[in-house]
Amino acid sequence: MTVEALKESFQDHRMYSLAKDQYTATPHDNFMTLSLAVRDRMIGKWIRTQQKYHKQNLKRVYYLSMEFLIGKLLRSSILNLGLEPQARRMLEAYGLELDDLVREEYDAGLGNGGLGRLAACFLDSMATLGVPASGYGIMYNYGIFHQKIVNGQQVEVPDEWLRLGTPWAIERPEYTIRIRFNGRTHKSMDKDGRLSVQWMDTDDVLAMPYDFPVPGYKNDAVNTLRLWAARGTEEFGLDYFNTGDYIKAHENKIISENISKVLYPVDTFSGGMELRLKQEYFFSAASLADIVRRFKTHSADFRDFPKKVAIQLNDTHPSLAIPELMRILLDEERMEWDDAWRATVDTFAYTNHTLLPEALETWTIPLLGRLLPRHLEIIYEINARFLREVANEFPGDADRLRRMSIIEEGEPKRLRMAHLSVAGSHSINGVSALHSELVKSDLFRDFHDLWPERFNNKTNGVTPRRWILESNPRLSRLLDETIGERWPTDLLKLKGLLARRDDAAFLERWRRIKRDNKSDLAGFLEKKWAFKTAPDSLFDIQVKRVHEYKRQLLFAFYLIHKYLDIKHSPNKEHVPRTAMFGGKAAPGYGMAKLIIKFINSVGGVINGDKRARGLLRVLFLEDYRVSLAQRIVGACDLSEQISTAGTEASGTGCMKFMMNGALTIGTLDGANIEIREEAGAEHFFAFGLKTGEVVNLRQEGYRPREFVDRSPALAEVIGLIQSDFFSQVEPGLFKPILESLLNHDPFMVLADFDDYLRAQDEVEKRYLDPAAWTRSSLINAANSGKFSSDRTIAEYAREIWQVPLGA
C-alpha cells in the first residue's frame, strides 16, 4: 500500500502485462496499468474475505439483478482502499495525473437507470458493512446504448464498453455452467414408486462467469459481482466448415452468444421477446447452479438451504429462479414437494420497483412452454396449490382467484411474473414508505390480505462513498474538517452540520463550494457542447429516464412560461436560470423520443432569442450516465422530482442531490415524502395533487381541457405549441404530445401545472435571498443521512436476510 510498492507494481504491469514502456504507452494503457496495480491491492483481501466466508460457513446473501449500473470503477476502488494519496504521489513520478487516467475509463453501463444503479450502491454497502454477499447478473457485450442528439432527436449508438477490454473482470472458466432450453420432459416412476421427470433433447448454452471485486470502504472486505457471459457449446461445426459452409459453421455459436450480447433487446417483435426471456432464465439458472454448488460444499440436506442462503430478487427479471430452484430440488435432489416449496419460499425475497400495471412483466405461455417445458409444468403445479390455499382462505370468491392466479387467462394465456415472485417469496418489499403502502393497498392487495406478514418497506438509499466522497471532493473536505472523517460510513453524522446553520462564515464557505462546483460544470458544458452559461444562475436540473410519468413535459412547459414571462415583462426582476435535462428514452418508446425532440426544440428557440440571453438557458445533456451524474450532483441548486403522485416507486436521484445540498421541488411521491419529512417542509418546494386526489380525480372523470380553460398561463403555453412556434420547419410535429395531453393526460401534467408555477415562484423568492437559500441547502444535506444505502442494507440484513453485519 506504499508509494514505492505502487510504483513497482505500475512499472511491472506496464512492462509485463501490457508489453509497453513510457514511450509507447497510450493514456488508456496508463489507465489499464494503474487499474491492474490497484486490483492487485484487492486480490489478497478478496481471497481472504472469501476464505473467511467459506471456513466459517456463513449464511450468504445473493443479489440477483438484470442490471448493475456500476459506472467507472478506478476512482471508487482507490477511495475504498484508502489509496488516493499514494496513487497521486506515485503518478507524479511518471508525470501523470489521476484525474486524467480516470477519464480514460469507459462507463460500464450494464443497466438502464435507477434499478441498476441501486444494485451497484447496494453492492458497495454490503461490502462496507461486511455482509457475506455476492451479486449475480449478465456480462453484456453492449450495455445501455450511447445516446447521440442529432437534429434534436435521440439516436442510439452501440455501447462498446469492452472494446479495449476491462481491467476489473477475472474470467472463471472452471465454473462454467451448462444452461438448457427447449426440449421435452419424460416422466417415469423410480424404484421407490415416486414420479421422476427428465428434461431431455435440449438445446444447450454455456454460461461463463466473470468476477468483479467489490471492495468495502477501508475495512479489508472484498465481495464479488459475478456476471455471466453466454458461450456456444461448440466454437464451430467442423463438418460444415470442411464442406465450405463457413457461415453455417459458426451459426450455433452466434445464436448462443446473442443471449449476453446486449442489455434489454427490443422486445416489440417475437425474436426480441424470446431473447429477453432467454436472458432472464440464463442468468437465473446459472446463478442458482453456482449457489447450489457452493451450498453442497458444506451440506447435503437441502432443508437447511434457507439457513445458509438468502436470495434477493431485484424486481421480477430473475423470478424464474423460483421454479428453477424447485426443479433442482424436485428432479435432481429428489425432495418431496412440500419440503422443496418450504425451502424455496424461505430462501427467496422479492423487491417490487413499480406501481405501473403496464410495467409488470408477463410472458406468453406458448413461448414459456417451448423454451422451458419443465418449468411450465412446475409453475402450473405451484399455481394449482397456491389457488387451493386462496380458495380455502376465501371460499367462494371466484373473482379473487382470477385476480391472484399466477397464470392470466386470455388468448394467449400469460405468466404473471410479479405474482410468481410474491407467491414464491417469504418477503415482499417496496422501496419507499408511500410505495410500500400502495403495494399493500392496491398493487398486491389480495396477496396482502392472504399474507400480511410477508410485506414490508425498505426505503432505498445511495452510497455516500460514490455520491459525496467521490463526486464532490470540495464538500468532502469541508465535512472532514467540520464533523470528522467517519461520515462516509455513518451518514447520520451529517446532523452535526446543523450546529453551523446560522454561522454566517460557515454558510459562506458552503455557498462558495457550490459556486465552484457550478463553475466547474459550466466549464465542462462549454468545452463539451459549446454551451455557455453563468455559474451564478440557478442550476435547475431534471436528470432521469425519459418517461411520461416522470413528466419532463411539465418542466418544459414551465420553461416556456418562464420564457414568455421574460418577453412580456422585460423590466421585471427575473432570476437567471439554467435548466438542464438528461436521460435516455427506450428505443421503442416513440412518445418519450418525441419529448426529447420537443425539449431540444424549446431549448433551441429560447437559447436563440437575445431577449432571454442571460436570463434563461436550456440544455439537454447528451448521453446521461453515471460519470456525467457525478459531475452534476454537486453543482445542482434545484432538483426536479415531479412525477405524478403515486407513480414513482422511490427515486434515488433525489437523494443524491439532497446529500450534495440541492433543494427539491417535487410532488408528494415516492421518496420525496420522506425527503420532505427529513429536511422540513419549509426547505422543500412541494406542489401538485396527492395520491388520493389523483385517484379521486380519475374516478370522477378527469377532463384535462378544463384545466387549460381556467389557466391563462397554461392556455398561452398550449397555444404557442399549437401554432408550431417550436416546430416551424416541421409543422404539426408536436401534435401527438398535445393530443395526448388534451384528450387523456394520463399523468395529469395539466392538472398540476398552476400549482407547479406557484412552487417555482417560491423557489425564485428563496433564491433571491442567498443567505436563506444557502441555509436551506445546508439543512437538506445535514438531514440526508437516512438515505444512505448503508441504512437500507442494514435493514435488509436484519429484517429479511437474517445475517449479521461485520462478518
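How many cavities of 30 Å³ or more does a search of the whole structure find? The search turns up six. Before going on, note that this is a predicted model, where local features need pLDDT of at least 70, side-chain atom pairs count only at pLDDT 80 or more, and totals for chains, interfaces and linings use all residues. Residues are numbered from 1 along each chain as its sequence is written, and side-chain values use heavy atoms, with hydrogens and water left out.

**The largest cavity**

Rolling a probe the size of a water molecule over the atoms shows where empty space is left. Here a cavity is a set of points, on a 1 Å grid over the protein atoms alone, where a 1.4 Å probe fits but cannot get out; lining residues have an atom within 4 Å of a point. A volume is the space filled by probe spheres set on the points, which are joined across faces, edges and corners.

The largest cavity has a volume of about 300 Å³. Its lining has 21 residues, and L73, S76, D124, V214 and R466 lie nearest the centre. The elements below each supply at least two lining residues; helices (H or I, at least four residues) and strands (E, at least two) are DSSP runs numbered from the N terminus.

| Element | Residues |
|---|---|
| Helix 3 | 74-81 |
| Helix 6 | 114-128 |
| Strand 11 | 203-215 |
| Helix 19 | 464-470 |

**Helix 21**

Helix 21 covers residues 504-529, 26 residues in total. Its expected span is 1.5 Å times one less than its number of residues. That should give 38 Å, and the end C-alpha atoms are 37 Å apart, so the two agree. At the N-terminal end, D503 is the cap: one of its side-chain oxygens lies 3.2 Å from the backbone nitrogen of A505. Just past the helix, A530 has a positive phi of about 55°. Buried residues (under 20% relative accessible area, with a 1.4 Å probe and protein chains only) of helix 21 include F506, W510, K514 and F524.

Three strands make an open sheet in the order 15-17-16, with antiparallel pairing. Strand 15 (362-364) and strand 16 (407-408) are the edge strands, each pairing on one side only. Two strands pair if DSSP finds at least two bridges between them, and strand 16 pairs with strand 17 (residues 414-416) over two bridges.

Finally, D609 sits in the loop between helix 23 (590-608) and strand 22 (616-621). Is D609 buried or exposed? D609 is buried, with a relative accessible area of 9%. The D609 side chain reaches the backbone nitrogen of R611 at 2.9 Å.

Technical notes. Buried means under 20% relative accessible area, exposed over 50%, partly exposed in between (1.4 Å probe, protein chains only). A polar contact is a pair of N or O atoms within 3.5 Å; within protein, one must be able to donate a hydrogen and the other to accept it, and residues adjacent in sequence count only if both atoms are side-chain atoms. On a 1 Å grid over the protein atoms alone, a cavity is a set of points where a 1.4 Å probe fits but cannot get out, and a pocket is an open set with protein on both sides within 12 Å along at least five of seven lines; lining residues have an atom within 4 Å of a point.
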